[in-house]
Amino acid sequence: MARQLQPLLKEQGIGIIIENIVGANGAIGLRRVAGADPDGYTLGMGTSSTLAAIAQGKAQLKNEQFAHLVRVSTDPLLLEVPGKSPHQPLDAFLANMKKNPGKVSIGTPGTYNVNHIFAAMTARAAGVGYVNVPYTGGSKVIADLLGGHLEAGVLKPSESIGQIQEGLVKPIGVFADKRLEQFPDIPTFKEKGYDVFPYGPVVQMAYVVGPAGLPPAIRERITAAFRKAIQDPRFKTFAKENSFLVDDLTGDALTKEVEAVTASLREVGTQVFKDQQ
């Protein structure tokens, strides 16, 4: 997403350098943002995965350390299996989990995040335990799906769209209330009778932040530039192609949404991971 926004921002005279910093569900990268000078030259991409770590006290961060600027996306998540997996569609996968309690592996980018929550909800739907396999990023989950080292993974469409289109991986279930336009044949867990939101709704989203204390003029300029880029038809086309949603949430409204999502993740995480604390 950042790389798609990069040329659109350049058209407005704003050059950005993208640096990928892995680890701790994004918390390591955002610590650098939190500790940066509030001059507008260091920004970060926060996600619900980072919020989950904050909510459960697994990141040395607080939301108050950031100026929340603009939401980039909300992302539905998919349960995906290798393209040649014999355990598809969704009912067949869950039946296999029931036949092999505690043995089926599900990979997730990170732990104690939204992906991990939905992996646990998949096992809950089957009524058995499972093997959670955490990775530092979605690309590594996909690599092990392709290599046959995982039986499933919980991923964003944008992380795996190329492999899905080539038939290398296959989405079999959507963690949402309705089917995705890009994948009209893939059912939701809800329509199959499985509640993946038993403790309240959780959402995967990405948003731009700066360090707390950004001067109003700098904050307004950065927000306006990103907002224009996100609303650009070219970025919206990219969003549609990768099955994520774009809205127009900025400033104080975004801060309230971040706080609400954090509170929800705290409650959900407490319930889902209580046996893993």
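Predicted model: local features only at pLDDT ≥ 70, side-chain atom pairs only at ≥ 80, totals over all residues.
Helices, of type H or I and at least four residues long, and strands, of type E and at least two, are taken here as DSSP runs numbered from the N terminus. Counted in that way, the protein has 10 helices and eight strands.

Let me begin with the overall dimensions. The C-alpha trace spans about 60 × 40 × 30 Å along its principal axes.

I turn now to the domains. Domain 1 is made of residues 1-73 together with 204-273, while domain 2 covers 77-192. Between their C-alpha centres the separation is 26 Å. Domain 1 brings 19 residues to the contact and domain 2 brings 21.

How much area is buried between domain 1 and domain 2? The figure is about 1,500 Å², and carbon and sulfur atoms account for 65% of it. On the side of domain 1, the residues that lose the most area to domain 2 are Q204, S243 and F273, which together make up 33% of what that side buries.

As to specific interactions, the rule finds one salt bridge across the interface of the two domains. The residues E181 and K240 are joined by a salt bridge between their side chains, with an N to O distance of 3.6 Å. Three residue pairs are in polar contact across the interface of domain 1 and domain 2, with both residues of each pair at pLDDT 80 or more.

Which elements of domain 1 give two or more residues to the side that touches domain 2? They are α3 (48-55), α9 (233-241) and α10 (251-272). Of these, α3 supplies the largest share, four residues. By residue class, that side of domain 1 consists of nine nonpolar, seven polar and three charged residues.

Next, salt bridges in the structure as a whole. Side chains of opposite charge can pair when their charged atoms come close. A search of the whole structure finds nine salt bridges.

Finally, two points of backbone geometry. The peptide bond from Q88 to P89 is cis, its omega being near 10 degrees. P89 is found in the loop that runs between β3 (77-82) and α4 (90-99). The other point concerns Y112, a residue other than glycine with a positive phi, near 55 degrees. Y112 is placed in the loop between β4 (105-109) and α5 (114-126).

That concludes my presentation, and I thank you for your attention.

Terms used. Residues numbered from 1 in each chain as written. Heavy atoms only, no water. Domains from an automatic or database assignment. Contact = heavy atoms within 4.5 Å. Buried area = accessible area lost by both parts, 1.4 Å probe. Salt bridge = Lys/Arg side-chain N within 4 Å of Asp/Glu carboxyl O. Polar contact = N/O pair within 3.5 Å; in protein donor to acceptor, adjacent residues only side chain to side chain. Nonpolar A, V, L, I, M, F, W, Y, C, P; charged D, E, K, R; others polar.
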